[in-house]
Amino acid sequence: MLTDALIPLLPLAAFVVIGLSELFGCGLRDRAHWIAVPAVLGSLILSFVAFGSVLSGGPHDRTFFTWAASGTFQASIGIHIDALTAVMLLLVTIVSSLVHVYSIGYMRGDRGYARFFAYLGLFTFSMLMLVMAANLLQLYIFWEAVGLCSYLLIAHWYERPLAAAAATKAFVINRIGDFGFAIGIFLIFALVGSLDYDRVFAELPKHVNEVISVAGFEMTAVTLIALLLFMGAVGKSAQFPLHVWLPDAMEGPTPISALIHAATMVTAGVFMLARLSPIFNLSPTAMGVVAVVGAGTALFAATIALTQNDIKRIVAYSTVSQLGAMVMACGLGASVAGIFHLLTHGAFKALLFLCCGSVIHALSGEQDLRKMGGLKPYLPVTYWTFYVGALALAGIPPLAGFFSKDEILFQAFISGGAGVLFWGVGVVTAFLTALYSFRLIYTVFHGPSRVDTKAMKHLHESPPVMTVPLIVLAVLSVTVGWTGLPIHGMNGIEAVLGPVLSPGGLSELAEPASGLLLPLMLVSVLAAVAGWMTARTFYVTQPEIPKRLAVRAAALYRLSLNQWYMNELYDRLIVRPTNRVADLLWRHLDIRTIDGAVNGIGWTALAWARTMRLIQSGQLQHYALVMAVGTFVILAVYLMAQ
């Protein structure tokens with residue numbers, strides 16, 4: 001359908017129009033949102049149409065043209081819309097629309113205002129094309145496109161060294177994961193001879209017993225492919241150990257943080273795991289690796305979020321942790337639960353980031369928790385919507401995060417074996433999540449004010465163009481989870497996504513274990529409430545306790561505060577050795593060898609030129625003498641030869 005094609009093309013058109021107006025100085029500048037916002041709202045409306053079409057008529061494909069054809073290889077550009085695509089379209093367009101509207105107020109007065117909205121349209125277009133991709137090659141192209149857009153937007157304030165460095169860090173680290181992703185796609189084509197989803201899913205099981213030797217180790221080709229594809233998700237969705245770029249990406253504008261964390265960049269990895277679940281399901285080894293990495297990342301990031309002092313960095317590590325839970329779900333074969341949490345997380349994480357932006361806006365750019373406090377009377381809308389987001393993130397019923405988080409924990413427990421261990425990790429993570437979520441609330445809005453006197457004079461609630469999106473997201477953070485009520489016949493998420501992601505999968509396994517659902521929910525809720533009450537004790541009633549704990553457990557506190565020294569570890573093991581090797585190559589190979597050879601040729605030519613220049617004196621008697629000497633030499637040689 002033509003309307004399907006318009007979903008990504010409208011944001012692309014906004015990018016082109018705004019970009020050309022800037023290039024030719026047509027003067028859109030502070031009116032760029034009049035192009036960008038209607039475009040993304042149009043995509044939102046058409047996404048609802050596409051969702052209704054899938055529900056009523058099933059999935060559908062459309063091929064626009066053949067991009068490349070060589071031998072048996074054919075690459076086409078088209079769109080594939082099934083239930084997974086349809087729900088992702090709604091997530092991307094809803095969050096992107098609200099971010100667009102919010103940005104009108106947040107970015108007002110920014111000298112790169114039009115450029116910001118242009119890149120925002122390109123970012124939305126790239127993510128929409130990624131989820132609508134009809135084959136693996138198209139998926140990879142727009143996988144790289146969202147990486148490029150994130151680089152451009154994180155570095156929006158490129159004159160700031162930290163922003164430029166953060167954008168470069170994100171771009172370089174993602175290349176590591178994307179390299180593995182590309183090799184995995186190459187191997188799929190080598191085995192199957194096609195990159196179309198349907199054919200790959202149908203043909204790859206025939207090669208499940210084929211073995212490949214890598215560095216002396218043998219593994220099945222399917223396992224190697226799955227692990228290489230997972231490398232892409234590790235980079236894009238910020239899983240350990242490639243997670244270090246995401247917290248630094250907070251140097252970009254806050255609306256971009258919301259979009260990256262809630263609906264675009266980092267969600268791409270989880271979407272890919274779900275989309276390619278038929279490949280991962282062929283390798284229990286790969287599935288185990290995915291689950292372990294996801295669970296480890298969830299707990300690891302939560303321990304770091306406990307002690308950070310930058311308001312956005314805490315929410316960023318929260319994203320890393322929640323993404324770990326989604327990845328764990330996909331590794332356990334519960335892709336429906338993983339995508340369900342992706343959807344609810346999109347609502348409350350966008351809300352939390354935009355609330356952070358509202359606080360930062362009110363404090364004239366301040367992001368340090370230690371310079372906040374007592375803001376509740378001044379920012380009432382921000383406070384209550386922030387509270388809703390924290391409740392949803394902590395998994396307090398009946399908010400959205402409760403239903404999706406508990407679905408993951410339930411699926412982990414009933415999978416048996418190591419799944420019970422993953423469930424335990426999830427419960428501990430739920431406690432820590434509630435603890436740092438309400439640490440944010442109580443530190444920012446309660447207690448004595450630590451706000452600078454000058455900032456207090458300008459303290460005010462954000463304008464409606466910023467607070468209305470907060471209210472909408474707060475409503476979604478309450479209600480989105482109700483689409484997945486764990487009641488037979490009322491679980492809309494399972495009904496829509498189950499046939500695509502887990503036909504005959506864990507949903508059947510859950511039936512005999514349904515009696516465990518309420519006890520397991522009770523355990524996770526108690527863990528969340530315990531974290532909430534602990535935060536209240538630490539930061540409201542007895543604020544001296546955290547200081548005493550920081551002194552008594554100084555080593556653990558420093559470990560968490562310094563993010564487990566992961567950046568220092570990368571610097572010591574990779575960055576410094578690479579710089580030393582580069583320096584040696586520059587000094588010895590570049591300067592002495594290459595430059596020496598090139599300069600040697602130049603010096604030889606100069607020496608020859610200097611010698612020849614001596615012959616050309618410009619005086620007639622010198623030329624006559626040379627001619628006489630030359631004649632004498634010629635005659636002498638001739639006579640001696642006789």
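## Ground rules

Helices here are DSSP runs of H or I with at least four residues, numbered from the N terminus. The model is predicted: local features need pLDDT of at least 70, side-chain atom pairs count only at pLDDT 80 or more, and totals for chains, interfaces and linings use all residues. Residues are numbered from 1 along each chain as its sequence is written, and side-chain values use heavy atoms, with hydrogens and water left out.

## The largest cavity

A cavity is a set of points, on a 1 Å grid over the protein atoms alone, where a 1.4 Å probe fits but cannot get out; lining residues have an atom within 4 Å of a point. Grid points are joined across faces, edges and corners, and a volume is the space filled by probe spheres set on the points. The whole structure holds 5 cavities of 30 Å³ or more. The largest has a volume of about 190 Å³. Its lining counts 19 residues, of which Q322, A325, K405, G426 and T429 are the closest to its centre.

Helix 14 (311–331), helix 16 (380–394), helix 17 (400–414) and helix 18 (418–445) each give at least two residues to this lining. Helix 18 supplies the largest share, 5 residues. For classes, Ala, Val, Leu, Ile, Met, Phe, Trp, Tyr, Cys and Pro count as nonpolar, Asp, Glu, Lys and Arg as charged, and the others, Gly among them, as polar. The cavity lining has 10 nonpolar, 8 polar and 1 charged residues.

## The largest pocket

A pocket is an open set of points with protein on both sides within 12 Å along at least five of seven lines. The largest pocket has a volume of about 940 Å³. It is lined by 28 residues, and L306, R439, Y539, P546 and Y557 are the closest to its centre. Helix 18 gives two or more residues to this lining, as do helix 23 (517–541), helix 24 (544–552) and helix 25 (554–561). The classes are 17 nonpolar, 7 polar and 4 charged.

## Two helix pairs

Axes are lines fitted to C-alpha atoms, for helices over the stretch in contact, and angles run from 0 to 180 degrees between N-to-C directions. Contact means heavy atoms within 4.5 Å. Helix 13 (residues 284–305) and helix 18 have axes that come within 9 Å and cross at roughly 25 degrees. On the helix 13 side, the contact includes A291, V292 and T303; on the helix 18 side, it includes F422, T429 and R439. This contact has 12 nonpolar, 2 polar and 1 charged residues.

Helix 16 packs with helix 20 (residues 464–479) at an angle of about 30 degrees, their axes 9 Å apart. This pair, too, is therefore roughly parallel. Among the contact residues are V381 and T385 of helix 16 and L470 and S477 of helix 20. They divide into 7 nonpolar, 4 polar and no charged.

## Backbone exceptions

Most residues other than glycine have a negative phi, and most peptide bonds are trans. F240 and P241 are joined by a cis peptide bond, with omega about 10 degrees. P241 sits in the loop between helix 8 (221–236) and helix 9 (245–248). Another cis bond runs from P397 to P398, with omega near 5 degrees. P398 is in the loop between helix 16 and helix 17.

S364 is not a glycine, yet has a positive phi of about 60 degrees. Its place is the loop between helix 15 (335–362) and helix 16.

Note on methods:
Parallel < 35°, antiparallel > 145°, perpendicular 65-115°, else oblique.
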